[in-house]
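Here are my notes on the model, point by point. Please read them with the structure open.

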Amino acid sequence: MKKAEKKTERQDNREPFINHHYQDDVLIIKLNNILFMHNILQLESIWKNAFETKTVKIIAVDCSKLELIDSTAIGTLVKLLNETIKHNIKLIMFNMKSTIENLFETAKLTDFFIIMTKQQFDTFLSERKTNN
């Protein structure tokens with residue numbers, strides 16, 4: 001029984017798979033650990049809510065803590081990219097680990113997704129604020 005309690009306690013201290021917040025008209029989504037078929041519905045729900053309830057012009061996905069992504073999640077990201085295009089919203093993926101970025105390059109996803117470093121994204125946001 002103590003082992004089960006420790007396991008539960010450890011699980012309670014973990015970050016959720018997906019966090020998000022709004023910064024003006026930018027939705028920032030932070031992916032943690034693994035993005036796969038069992039948690040992709042949470043991402044889709046956040047995305048759908050952004051289209052329905054907020055005036056979002058940019059969806060930015062922070063991949064700094066993303067360790068692994070499966071083919072179902074990649075397919076969903078492509079579907080969500082198409083939705084952002086329909087809604088005239090810019091999608092930016094930023095702060096990717098090299099393993100994830102290599103996967104995107106190998107799959108030719110870099111031809112479709114805007115991928116930035118953290119510094120590039122921060123500069124983009126600050127320049128955007130200056131111009132508004």
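1. The structure holds three aromatic pairs. Rings of Phe, Tyr and Trp (its six-membered ring) count as a pair if their centres lie within 6.5 Å; planes under 30 degrees apart are stacked, those over 60 edge-to-face and the rest tilted. The model is a predicted one: local features need pLDDT of at least 70 and side-chain atom pairs count only at pLDDT 80 or more, while totals for chains, interfaces and linings use all residues. Residues are numbered from 1 along each chain as its sequence is written, and side-chain values use heavy atoms, with hydrogens and water left out.

2. How far apart are the ring centres of Phe94 and Phe121, and at what angle are the planes? The centres are 4.0 Å apart and the planes are at 10°, so this pair is stacked. The pair links distant parts of the chain, with Phe94 in strand E4 and Phe121 in helix H5 (residues 118-131), 27 residues apart. Helices (H or I, at least four residues) and strands (E, at least two) are DSSP runs, numbered from the N terminus.

3. Is Phe94 buried or exposed? Phe94 is buried, with a relative accessible area of 3%, and Phe121 is buried at 1%. Buried means under 20% relative accessible area, exposed over 50%, and partly exposed in between (1.4 Å probe, protein chains only).

4. Phe104 and Phe113 form an edge-to-face pair, because their ring centres are 5.6 Å apart and their planes are at 75°. Both Phe104 and Phe113 are buried.

5. Now the sheet. Five strands make up an open sheet with mixed pairing, in the order E1-E2-E3-E4-E5. Its edge strands, E1 (18-23) and E5 (114-116), each pair on one side only. Two strands pair if DSSP finds at least two bridges between them. From one strand to the next the twist averages 25°. Axes are lines fitted to C-alpha atoms, for helices over the stretch in contact, and angles run from 0 to 180 degrees between N-to-C directions.

6. Strand E3 (residues 58-69) and strand E4 (residues 90-94) run parallel and are joined by five bridges. Ile59 stands opposite Leu91 in E4. Helix H4 (residues 98-106) packs on the sheet and touches E3, E4 and E5; the direction of H4 makes about 110° with that of E3.

7. Glu44 lies in helix H2 (residues 40-53) and is buried, with a relative accessible area of 18%. Neighbours within four places in sequence aside, Glu44 is in contact (heavy atoms within 4.5 Å) with Thr76, Lys79 and Leu80.
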